[in-house]
Amino acid sequence: MSHTDQNQEKNKEHFEKLYANYNISNILHWLNHLDSFLDSATTTETSWFALYQGNFRNRLKGKKVLEMGCGDCTNVAVMAALGAEVYANDIASASGEIVRKLNENYAFKHPIIFVEGDFLNNELAAQSFDFIVGKAFLHHLEIPLEREFLRETARLLKPDGEARFFEPAVNSRILDEIRWHIPIGGRPSKFDKAAFAKWKESDPHPDRSFSSKHWKKAGAAFFNDVRIIPVGTLERFSRLFGWGERRNKFKRWALKNEKRLPWALNSFFTRSQLIVYKGVIIK
Ligand SMILES: C[S@@+](CC[C@H](N)C(=O)[O-])C[C@H]1O[C@@H](n2cnc3c(N)ncnc32)[C@H](O)[C@@H]1O
């Protein structure tokens, strides 16, 4: 089995487990309080803040949208509730089961369509999507496979379509090394060599570049207009604020104000990024 196939197997195994028997009641609650959910998520949570920048929320109605790596399907459900015609794909078939339950329990104008199986062999029509999005998705692919997904993104987008990807950013080796040495959640510190190696075995992330420079170059092979927007330079310090409203207050302040920082500083210290590709290069 090739290295890329092994990584994909690891992803499938990890995420099938994570989403098995997923309870959709939270998603349904958010759909039933959509405005207040989005007001809060897009001002407090890095991934929502990033992906929904530039009035994305109001640009979705009536648009044909594809989400790659839809995971627990919260975002596909939100986009469908906002009136988009949504196609969803994930390597984990458990995501398809979530989509089925969502369609059964919420009256979307257009039920969500799950694209089953190996996405690169899909039969979707060329130039048929207004938006293609991915939330914490591309960085799960090894770089040669990512290139195929970007090629497919360019094939599926309408000439005036737009791709939006929210991904982690690692633009400084030193900061990255520091990060690996601080234990977080279930991940041990790199100082604890044995525990770290054990954790790494089950981690579904490939060893690859997560730099803005990489995604700039990768996108430029298929798109004329490539924009990288750093997100999370100040927000990354929210961990110092414990949990609860104090932390959320800091996050809101940080996300709102960090764009005032000089671009170079933001780009160096950022922990994540919104990647926007437009202007498909027609080949
Ligand atoms: C970090 S999760 C993000 C899920 C979701 N987008 C979110 O924001 O919560 C990455 C997702 O990518 C999916 N994935 C990984 N490789 C994939 C592939 N080749 N094709 C489709 N989905 C893939 C995983 O199964 C997982 O659901």
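Before the first entry I noted the angle rule: under 35 degrees counts as roughly parallel, over 145 as roughly antiparallel, 65 to 115 as roughly perpendicular, and the rest as oblique. I also kept in mind that this is a predicted model.

**Entry 1: H8 and H11**

I started with helix H8 (residues 143–156) and helix H11 (residues 212–220), whose axes come within 10 Å and cross at roughly 45°. The crossing of H8 and H11 is right-handed. Which residues make the contact? From H8 I listed Ile143, Glu146 and Leu150, and from H11 His214, Trp215, Ala218 and Gly219. Sorted by class, the residues of this H8 and H11 contact come out as 4 nonpolar, 2 polar and 1 charged.

**Entry 2: the sheet**

Next I traced an open sheet of 7 strands, in the order S3-S2-S1-S4-S5-S7-S6, with mixed pairing. Its edge strands are S3 (113–115) and S6 (223–231), each of which pairs on one side only. From one strand to the next, the twist averages 20°.

I then followed S6 to its partner. S6 and strand S7 (residues 272–280) run antiparallel and are joined by 8 bridges. As a reminder to myself, strands of a sheet pair through backbone hydrogen bonds, either parallel or antiparallel. To have one landmark for this pairing, I marked Arg227, which stands opposite Val276 in S7.

Helix H11 from my first entry turned up again here. H11 packs on the sheet and touches strand S5 (157–168), S6 and S7. The direction of H11 makes about 160° with that of S6.

**Entry 3: H2 and H6**

How do helix H2 (residues 25–32) and helix H6 (residues 74–81) cross? Their axes come within 10 Å and cross at roughly 30°. An angle under 35 degrees counts as roughly parallel, so that is how I recorded H2 and H6. The crossing of H2 and H6 is right-handed. In H2, I found Ile27, Trp30 and Leu31 meeting Thr74, Ala77, Val78 and Ala81 in H6. By class, this contact of H2 with H6 has 6 nonpolar residues, 1 polar and no charged ones.

**Entry 4: an aromatic pair**

I finished with the rings; the structure holds 18 aromatic pairs. I picked out Phe37 and Trp48, an edge-to-face pair at 5.2 Å centre to centre with 85° between the planes. Phe37 lies in helix H3 (residues 34–44) and Trp48 in helix H4 (residues 46–51), so the pair ties together parts that are 11 residues apart in sequence.

Conventions: Residues numbered from 1 in each chain as written. Predicted model: local features only at pLDDT ≥ 70, side-chain atom pairs only at ≥ 80, totals over all residues. Heavy atoms only, no water. Axes fitted to C-alpha atoms, helices over the stretch in contact; angles between N-to-C directions. Helix = DSSP H or I, 4+ residues; strand = E, 2+ residues; numbered from the N terminus. Left-handed = near helix turned anticlockwise from the far one by under 90°. Contact = heavy atoms within 4.5 Å. Nonpolar A, V, L, I, M, F, W, Y, C, P; charged D, E, K, R; others polar. Pairing = 2+ DSSP bridges. Phe/Tyr/Trp six-rings, centres within 6.5 Å; stacked < 30°, edge-to-face > 60°.
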